[in-house]
Amino acid sequence: MAVTHLKHGKPEAERAEDDARVRMSVEGFLADIAARGDVAGQTIFELARRFRILA
């Protein structure tokens with residue numbers, strides 16, 4: 001019985017672009033949390049809202 005691939009992964013270049021976008025987003029989120037310190041709870045709420053929009 002031959003193996004049939006129903007779906008192939010993204011090309012390496014496309015994965016690298018996705019990884020770079022995720023890295024930039026996370027670095028921005030962390031910088032925002034570091035800068036705003038005491039309002040980190042609000043920042044976490046904002047992040048959760050952003051991720052729902054991105055999903």
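Reader: Is R36 in this model buried, partly exposed or exposed?

Author: The model is a predicted one. The relative accessible area of R36 is 29%. Buried residues fall under 20% and exposed ones over 50%, so R36 is partly exposed.

Reader: With which residue does R36 form a salt bridge?

Author: The closest N and O atoms of the pair are 3.1 Å apart, and a salt bridge requires a distance within 4 Å. Both partners lie in helix α1, four residues apart, which is about one turn of the helix.

Reader: Why can two residues four places apart in a helix point the same way?

Author: Side chains of opposite charge can pair when their charged atoms come close. In an α-helix, residues three or four places apart point the same way because the number of residues a turn is 3.6.

Reader: What is the N to O distance in the salt bridge between E27 and R23?

Author: E27 and R23 both belong to helix α1 and are four residues apart, about one turn of the helix. E27 is partly exposed at 44% relative accessibility, whereas R23 is exposed, with a relative accessible area of 56%. Their side chains meet in a salt bridge with an N to O distance of 3.7 Å.

Reader: Which residue is linked with K10 and D18 in a network of salt bridges?

Author: K10 is partly exposed, its relative accessible area being 41%. The side chain of K10 meets that of D18 in a salt bridge of 2.5 Å, N to O. The network of salt bridges that links K10 and D18 also includes R21.

Reader: How many salt bridges does the structure hold?

Author: Another is the bridge between D18 and K10. In total, the number of salt bridges in the structure is five.

Reader: How far does α1 reach from its first C-alpha to its last?

Author: Helix α1 covers residues 12-36, and it has 25 residues. At 1.5 Å a residue, a span of 36 Å is expected, and the helix comes close to that value. From its first C-alpha to its last, α1 reaches 36 Å.

Reader: Which residue just after α1 takes a positive phi?

Author: Helix α1 runs over residues 12-36. Just after it, a positive phi of about 35° is found. The residue that takes this phi is G37.

Reader: Is F29 buried or exposed?

Author: F29 has its place in helix α1. Leaving aside neighbours within four places in sequence, F29 is in contact with L47, R50 and F51. Its relative accessibility is 9%, and the cut-off for burial is under 20%. F29 therefore counts as buried.

Reader: What is the area of the nonpolar surface patch made by V22, V26 and L30?

Author: L30 lies in helix α1. L30 is exposed, because its relative accessible area of 54% is over 50%. Together, V22, V26 and L30 make a nonpolar surface patch of about 260 Å².

Reader: What percentage of the residues in the protein chain is buried?

Author: The protein chain has two helices and zero strands. It exposes about 5,000 Å², of which carbon and sulfur atoms supply 62%. Of the 55 residues in the protein chain, the buried ones make up 9%.

Definitions and conventions. Residues are numbered from 1 along each chain as its sequence is written. This is a predicted model: local features need pLDDT of at least 70, side-chain atom pairs count only at pLDDT 80 or more; totals for chains, interfaces and linings use all residues. Side-chain values use heavy atoms; hydrogens and water are left out. Patches are made of residues with over 30% relative accessible area and no salt bridge: like charges are joined within 9 Å, nonpolar side chains (Val, Leu, Ile, Met, Phe, Trp, Tyr) within 5 Å. Accessible areas come from the Shrake-Rupley method with a 1.4 Å probe; for residues, only the protein chains shown count as cover. Buried means under 20% relative accessible area, exposed over 50%, partly exposed in between (1.4 Å probe, protein chains only). The expected span of a helix is 1.5 Å times one less than its number of residues. Contact means heavy atoms within 4.5 Å.
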